Amino acid sequence: MGDHDIHPSVTEIAEDIAEMEIRGAATIADATARALAEQAAGSDAATPEAFESELRDAARRLLDTRPTAVSLPNSLRYVLQRTEGETVEELRESAVAGAREFRDRLDSAQTDLGSIGANRLRDGDTVLFHCHSTDVMACIRAAREQGKSIDAIVKETRPRRQGHITAKQLRELGVSVTLIVDGAAGRYLGDADHVFVGADSVTADGSVVNKIGTRQLAVTARERDTPIVVAAQTLKLDPTTLTGQTVEIEMREESEVLSEGDRAEIGDITVENPAFDVTPPRYVDAIVTERGQFPPESIVFLMRELFGEQASQPWEE
Ligand code: RUB
(Lines give C-alpha, C1' and ligand atoms only; values in the text may rest on other atoms or scores of the structure.)
Protein backbone atom coordinates (compact mmCIF):
# COMPACT_ATOMS: atom_id res chain seq x y z
CA MET A 1 0.00 0.00 0.00
CA GLY A 2 1.25 3.46 -0.72
CA ASP A 3 0.23 6.97 -1.60
CA HIS A 4 -1.86 5.78 -4.56
CA ASP A 5 -4.38 4.32 -2.09
CA ILE A 6 -4.81 7.56 -0.23
CA HIS A 7 -8.15 9.17 -1.05
CA PRO A 8 -7.88 12.50 -2.95
CA SER A 9 -9.85 14.24 -0.16
CA VAL A 10 -7.14 13.22 2.33
CA THR A 11 -4.40 14.63 0.11
CA GLU A 12 -6.38 17.83 -0.39
CA ILE A 13 -7.07 18.29 3.34
CA ALA A 14 -3.41 17.55 4.18
CA GLU A 15 -2.26 20.18 1.67
CA ASP A 16 -4.77 22.71 3.03
CA ILE A 17 -3.49 22.14 6.58
CA ALA A 18 0.16 22.49 5.52
CA GLU A 19 -0.66 25.70 3.60
CA MET A 20 -2.82 26.96 6.53
CA GLU A 21 -5.99 27.17 4.43
CA ILE A 22 -7.26 25.00 7.27
CA ARG A 23 -5.72 26.25 10.52
CA GLY A 24 -6.22 26.51 14.27
CA ALA A 25 -5.90 23.42 16.46
CA ALA A 26 -9.60 22.52 16.77
CA THR A 27 -10.37 23.13 13.09
CA ILE A 28 -7.37 21.00 12.08
CA ALA A 29 -8.58 18.16 14.33
CA ASP A 30 -12.08 18.37 12.86
CA ALA A 31 -10.69 18.29 9.32
CA THR A 32 -8.43 15.29 9.97
CA ALA A 33 -11.32 13.27 11.44
CA ARG A 34 -13.36 14.20 8.34
CA ALA A 35 -10.45 13.14 6.12
CA LEU A 36 -10.24 9.70 7.74
CA ALA A 37 -14.00 9.29 7.29
CA GLU A 38 -13.61 10.12 3.57
CA GLN A 39 -10.75 7.64 3.31
CA ALA A 40 -12.85 4.91 4.95
CA ALA A 41 -16.01 5.66 2.97
CA GLY A 42 -14.17 5.82 -0.38
CA SER A 43 -11.87 2.82 0.09
CA ASP A 44 -12.15 -0.09 -2.35
CA ALA A 45 -9.79 -2.29 -0.33
CA ALA A 46 -10.36 -5.98 -0.95
CA THR A 47 -9.32 -7.21 2.49
CA PRO A 48 -9.57 -5.92 6.08
CA GLU A 49 -5.75 -5.80 6.23
CA ALA A 50 -5.59 -3.63 3.11
CA PHE A 51 -8.29 -1.33 4.48
CA GLU A 52 -6.45 -0.85 7.78
CA SER A 53 -3.15 -0.28 6.04
CA GLU A 54 -4.70 2.41 3.80
CA LEU A 55 -6.28 4.12 6.79
CA ARG A 56 -2.94 4.16 8.61
CA ASP A 57 -1.21 5.60 5.51
CA ALA A 58 -3.85 8.33 5.35
CA ALA A 59 -3.36 9.09 9.05
CA ARG A 60 0.41 9.30 8.54
CA ARG A 61 -0.06 11.71 5.62
CA LEU A 62 -2.26 13.95 7.81
CA LEU A 63 0.09 13.71 10.80
CA ASP A 64 3.03 14.92 8.71
CA THR A 65 1.41 18.30 7.93
CA ARG A 66 2.05 20.37 11.06
CA PRO A 67 3.86 19.17 14.19
CA THR A 68 2.74 21.35 17.11
CA ALA A 69 -1.00 21.05 17.75
CA VAL A 70 -1.66 17.84 19.73
CA SER A 71 -5.30 17.98 18.66
CA LEU A 72 -4.16 16.47 15.35
CA PRO A 73 -2.71 13.17 16.69
CA ASN A 74 -5.50 13.10 19.29
CA SER A 75 -8.05 13.23 16.47
CA LEU A 76 -6.36 10.50 14.41
CA ARG A 77 -5.94 8.25 17.45
CA TYR A 78 -9.58 8.66 18.40
CA VAL A 79 -10.77 7.46 14.99
CA LEU A 80 -8.17 4.70 14.52
CA GLN A 81 -8.87 3.20 17.93
CA ARG A 82 -12.57 2.97 17.12
CA THR A 83 -12.01 1.31 13.77
CA GLU A 84 -12.75 -2.34 14.42
CA GLY A 85 -14.45 -5.32 12.83
CA GLU A 86 -13.91 -8.57 10.93
CA THR A 87 -14.89 -7.35 7.48
CA VAL A 88 -14.09 -4.32 5.33
CA GLU A 89 -17.70 -3.17 5.73
CA GLU A 90 -17.55 -3.34 9.53
CA LEU A 91 -14.24 -1.49 9.56
CA ARG A 92 -15.62 1.15 7.22
CA GLU A 93 -18.75 1.72 9.30
CA SER A 94 -16.86 1.93 12.59
CA ALA A 95 -14.29 4.40 11.18
CA VAL A 96 -17.01 6.67 9.78
CA ALA A 97 -18.97 6.46 13.06
CA GLY A 98 -15.82 7.18 15.10
CA ALA A 99 -15.06 10.27 13.04
CA ARG A 100 -18.65 11.49 13.37
CA GLU A 101 -18.56 10.96 17.14
CA PHE A 102 -15.25 12.79 17.43
CA ARG A 103 -16.53 15.80 15.49
CA ASP A 104 -19.73 15.94 17.58
CA ARG A 105 -17.73 15.79 20.81
CA LEU A 106 -15.44 18.53 19.60
CA ASP A 107 -18.45 20.76 18.91
CA SER A 108 -20.14 20.12 22.22
CA ALA A 109 -16.87 20.51 24.17
CA GLN A 110 -16.41 23.90 22.58
CA THR A 111 -19.93 24.98 23.49
CA ASP A 112 -19.50 23.83 27.12
CA LEU A 113 -16.10 25.54 27.34
CA GLY A 114 -17.64 28.74 25.96
CA SER A 115 -20.23 28.99 28.68
CA ILE A 116 -17.57 28.46 31.37
CA GLY A 117 -15.22 31.05 29.82
CA ALA A 118 -18.07 33.54 29.51
CA ASN A 119 -18.57 33.45 33.29
CA ARG A 120 -15.22 35.21 33.66
CA LEU A 121 -16.46 38.17 31.64
CA ARG A 122 -18.55 41.03 33.03
CA ASP A 123 -20.78 43.38 31.12
CA GLY A 124 -18.64 46.17 29.67
CA ASP A 125 -15.29 44.34 29.90
CA THR A 126 -12.45 44.94 27.46
CA VAL A 127 -10.61 41.84 26.24
CA LEU A 128 -7.26 41.72 24.44
CA PHE A 129 -6.84 38.96 21.81
CA HIS A 130 -3.85 37.33 20.12
CA CYS A 131 -4.15 35.24 16.92
CA HIS A 132 -7.47 33.48 16.24
CA SER A 133 -8.86 30.69 18.38
CA THR A 134 -12.27 29.06 18.00
CA ASP A 135 -12.18 28.06 21.68
CA VAL A 136 -11.72 31.73 22.61
CA MET A 137 -14.45 32.80 20.21
CA ALA A 138 -16.83 30.32 21.89
CA CYS A 139 -16.31 32.22 25.19
CA ILE A 140 -17.07 35.57 23.60
CA ARG A 141 -20.08 34.19 21.72
CA ALA A 142 -21.51 32.81 24.97
CA ALA A 143 -20.90 36.12 26.77
CA ARG A 144 -22.70 37.96 24.00
CA GLU A 145 -25.60 35.47 24.24
CA GLN A 146 -25.77 36.30 27.94
CA GLY A 147 -26.29 39.92 26.84
CA LYS A 148 -22.86 41.17 27.97
CA SER A 149 -21.31 44.06 26.10
CA ILE A 150 -17.63 43.43 25.24
CA ASP A 151 -14.95 45.69 23.74
CA ALA A 152 -11.99 44.11 21.98
CA ILE A 153 -8.37 45.00 21.38
CA VAL A 154 -7.01 42.67 18.71
CA LYS A 155 -3.34 42.09 18.00
CA GLU A 156 -2.57 41.84 14.32
CA THR A 157 -0.46 38.66 14.91
CA ARG A 158 2.39 38.73 12.44
CA PRO A 159 3.39 37.14 10.18
CA ARG A 160 0.06 35.58 9.07
CA ARG A 161 -2.26 38.21 10.58
CA GLN A 162 -4.82 35.82 12.07
CA GLY A 163 -5.92 38.84 14.13
CA HIS A 164 -7.90 39.90 11.05
CA ILE A 165 -10.02 36.73 11.33
CA THR A 166 -10.63 37.44 15.02
CA ALA A 167 -11.55 41.07 14.29
CA LYS A 168 -14.05 40.07 11.60
CA GLN A 169 -15.71 37.41 13.74
CA LEU A 170 -15.91 39.75 16.74
CA ARG A 171 -17.63 42.36 14.59
CA GLU A 172 -20.14 39.68 13.53
CA LEU A 173 -20.86 39.16 17.25
CA GLY A 174 -21.45 42.89 17.72
CA VAL A 175 -18.18 43.52 19.58
CA SER A 176 -16.41 46.84 18.99
CA VAL A 177 -12.85 46.19 17.81
CA THR A 178 -9.61 48.13 17.98
CA LEU A 179 -6.86 46.54 15.87
CA ILE A 180 -3.24 47.10 16.97
CA VAL A 181 0.18 45.97 15.73
CA ASP A 182 1.82 43.34 17.91
CA GLY A 183 4.40 45.71 19.35
CA ALA A 184 1.64 47.97 20.76
CA ALA A 185 0.26 45.34 23.15
CA GLY A 186 2.14 46.70 26.18
CA ARG A 187 0.61 50.13 25.67
CA TYR A 188 -2.95 48.79 25.45
CA LEU A 189 -2.80 46.14 28.18
CA GLY A 190 -3.66 48.80 30.73
CA ASP A 191 -7.03 49.22 28.99
CA ALA A 192 -7.79 45.48 29.06
CA ASP A 193 -9.62 43.59 31.83
CA HIS A 194 -8.46 40.21 30.46
CA VAL A 195 -6.25 38.62 27.85
CA PHE A 196 -7.87 35.60 26.17
CA VAL A 197 -5.76 33.20 24.09
CA GLY A 198 -6.18 29.66 22.77
CA ALA A 199 -3.75 26.74 22.82
CA ASP A 200 -2.32 24.23 20.37
CA SER A 201 -1.05 22.01 23.17
CA VAL A 202 -1.04 22.10 26.95
CA THR A 203 1.71 20.12 28.68
CA ALA A 204 1.58 18.16 31.93
CA ASP A 205 3.30 20.98 33.87
CA GLY A 206 0.64 23.47 32.71
CA SER A 207 2.75 25.18 30.05
CA VAL A 208 0.73 26.54 27.14
CA VAL A 209 1.94 26.13 23.57
CA ASN A 210 0.28 28.73 21.36
CA LYS A 211 0.90 31.22 18.56
CA ILE A 212 4.30 32.92 18.66
CA GLY A 213 4.06 36.06 20.76
CA THR A 214 1.80 34.53 23.43
CA ARG A 215 4.66 34.22 25.90
CA GLN A 216 5.75 37.84 25.50
CA LEU A 217 2.14 38.96 25.85
CA ALA A 218 1.61 36.85 28.98
CA VAL A 219 4.76 38.16 30.67
CA THR A 220 3.72 41.75 29.97
CA ALA A 221 0.14 41.05 31.07
CA ARG A 222 1.40 39.69 34.38
CA GLU A 223 3.52 42.82 34.88
CA ARG A 224 0.37 44.91 34.31
CA ASP A 225 -1.81 42.64 36.54
CA THR A 226 -4.06 41.81 33.60
CA PRO A 227 -5.33 38.22 33.97
CA ILE A 228 -4.46 35.87 31.12
CA VAL A 229 -6.99 33.17 30.36
CA VAL A 230 -6.28 30.20 28.10
CA ALA A 231 -9.35 28.67 26.43
CA ALA A 232 -8.41 25.10 25.57
CA GLN A 233 -10.73 22.11 25.39
CA THR A 234 -9.27 18.85 26.73
CA LEU A 235 -8.43 17.82 23.16
CA LYS A 236 -5.47 20.21 23.53
CA LEU A 237 -3.99 18.30 26.48
CA ASP A 238 -0.89 16.44 25.34
CA PRO A 239 -0.74 12.97 26.95
CA THR A 240 2.83 12.32 25.77
CA THR A 241 4.08 15.09 28.08
CA LEU A 242 2.98 12.99 31.08
CA THR A 243 6.02 10.82 30.34
CA GLY A 244 8.38 13.69 29.72
CA GLN A 245 8.14 14.21 25.97
CA THR A 246 8.40 17.76 24.69
CA VAL A 247 6.28 19.56 22.10
CA GLU A 248 7.90 20.26 18.73
CA ILE A 249 7.69 23.91 17.70
CA GLU A 250 6.93 24.29 14.01
CA MET A 251 9.41 26.38 12.02
CA ARG A 252 7.80 27.89 8.92
CA GLU A 253 9.09 29.37 5.67
CA GLU A 254 11.05 32.59 5.71
CA SER A 255 8.85 33.85 2.85
CA GLU A 256 6.09 34.46 5.45
CA VAL A 257 8.38 37.05 7.05
CA LEU A 258 10.39 38.57 4.23
CA SER A 259 9.57 39.10 0.56
CA GLU A 260 12.15 38.11 -2.08
CA GLY A 261 12.58 41.79 -2.93
CA ASP A 262 13.28 42.76 0.68
CA ARG A 263 15.67 39.86 1.07
CA ALA A 264 17.64 40.91 -2.01
CA GLU A 265 17.74 44.49 -0.68
CA ILE A 266 18.93 43.54 2.82
CA GLY A 267 21.51 40.97 1.77
CA ASP A 268 22.76 37.83 3.44
CA ILE A 269 20.85 37.38 6.70
CA THR A 270 19.23 34.49 8.52
CA VAL A 271 15.45 34.58 8.98
CA GLU A 272 13.80 32.44 11.66
CA ASN A 273 10.05 31.91 11.70
CA PRO A 274 8.87 29.82 14.66
CA ALA A 275 5.06 29.53 14.54
CA PHE A 276 4.51 28.86 18.25
CA ASP A 277 6.02 29.47 21.67
CA VAL A 278 5.70 28.05 25.18
CA THR A 279 4.25 30.12 28.03
CA PRO A 280 5.21 28.77 31.48
CA PRO A 281 2.34 28.17 33.91
CA ARG A 282 3.38 31.01 36.23
CA TYR A 283 2.17 33.56 33.66
CA VAL A 284 -1.24 31.94 33.13
CA ASP A 285 -4.16 32.68 35.46
CA ALA A 286 -6.56 29.97 34.32
CA ILE A 287 -7.02 27.27 31.71
CA VAL A 288 -10.68 27.04 30.74
CA THR A 289 -11.79 23.62 29.45
CA GLU A 290 -15.18 22.01 28.90
CA ARG A 291 -14.59 20.28 32.27
CA GLY A 292 -14.25 23.53 34.19
CA GLN A 293 -11.49 26.05 34.74
CA PHE A 294 -8.15 25.03 36.24
CA PRO A 295 -5.07 26.75 37.61
CA PRO A 296 -2.38 25.64 35.09
CA GLU A 297 -0.38 23.80 37.75
CA SER A 298 -3.34 21.50 38.45
CA ILE A 299 -3.99 20.50 34.84
CA VAL A 300 -1.85 17.40 35.37
CA PHE A 301 -4.59 15.93 37.60
CA LEU A 302 -7.16 16.34 34.80
CA MET A 303 -4.68 14.77 32.37
CA ARG A 304 -4.16 11.77 34.64
CA GLU A 305 -7.92 11.37 34.99
CA LEU A 306 -8.46 11.51 31.21
CA PHE A 307 -5.44 9.55 30.01
CA GLY A 308 -4.18 7.55 32.98
CA GLU A 309 -0.39 7.48 33.26
CA GLN A 310 -0.01 6.05 29.78
CA ALA A 311 1.10 8.35 27.01
CA SER A 312 -0.56 6.13 24.44
CA GLN A 313 -4.12 6.61 25.68
CA PRO A 314 -6.56 8.34 23.34
CA TRP A 315 -8.33 11.61 23.97
CA GLU A 316 -11.38 10.38 25.85
CA GLU A 317 -12.96 10.04 29.22
C1 RUB B 1 -3.44 29.07 15.69
C2 RUB B 1 -3.30 29.24 17.16
C3 RUB B 1 -4.56 29.15 17.99
C4 RUB B 1 -4.72 27.70 18.50
C5 RUB B 1 -6.07 27.48 19.14
O6 RUB B 1 -2.21 28.96 15.01
O7 RUB B 1 -2.22 29.37 17.71
O8 RUB B 1 -4.49 30.00 19.10
O9 RUB B 1 -4.57 26.79 17.43
O10 RUB B 1 -7.09 27.60 18.17
P11 RUB B 1 -2.21 28.76 13.41
P12 RUB B 1 -8.50 26.86 18.37
O13 RUB B 1 -2.98 29.89 12.82
O14 RUB B 1 -0.75 28.76 13.05
O15 RUB B 1 -2.86 27.42 13.13
O16 RUB B 1 -9.06 27.37 19.65
O17 RUB B 1 -9.32 27.26 17.18
O18 RUB B 1 -8.22 25.40 18.43
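1. Pro159 belongs to the loop that runs between strand S2 (150–155) and helix H7 (163–172). In this predicted model, the peptide bond leading from Arg158 into Pro159 is cis, its omega being near 5°. Most peptide bonds, by contrast, are trans.

2. Met20 is not a glycine, and its phi is positive, near 65°. Most residues other than glycine have a negative phi.

3. The ligand is located in the largest cavity. Its shell comprises 18 residues, of which Arg23, Ser133, Thr134, Asn210 and Lys211 come nearest. Sorted by class, the shell divides into six nonpolar, six polar and six charged residues.

4. As to where these shell residues come from, at least two are supplied by each of helix H2 (25–42), helix H6 (134–145) and strand S6 (208–211). In terms of domains, domain 1 (3–112) and domain 2 (113–307) each contribute at least three residues to the shell.

5. From Ser133, a polar side-chain atom lies 2.7 Å from a ligand oxygen. For Lys211, an N or O atom of the side chain is likewise placed 2.7 Å from an oxygen atom of the ligand. Asp135 takes part through its backbone, with an N or O atom 3.0 Å from a ligand oxygen. The ligand taken alone exposes 460 Å², and the protein buries 100% of that area.

Methods: Residues numbered from 1 in each chain as written. Predicted model: local features only at pLDDT ≥ 70, side-chain atom pairs only at ≥ 80, totals over all residues. Heavy atoms only, no water. Near = heavy atom within 4 Å. Polar contact = N/O pair within 3.5 Å; in protein donor to acceptor, adjacent residues only side chain to side chain. Areas by Shrake-Rupley, 256 points an atom, 1.4 Å probe, with all protein chains shown as cover. 1 Å grid on protein atoms, 1.4 Å probe; cavity = no way out; pocket = protein on both sides within 12 Å on 5 of 7 lines; lining within 4 Å. Sits in = over half its atoms within 2 Å of the grid points. Helix = DSSP H or I, 4+ residues; strand = E, 2+ residues; numbered from the N terminus. Nonpolar A, V, L, I, M, F, W, Y, C, P; charged D, E, K, R; others polar. Domains from an automatic or database assignment.
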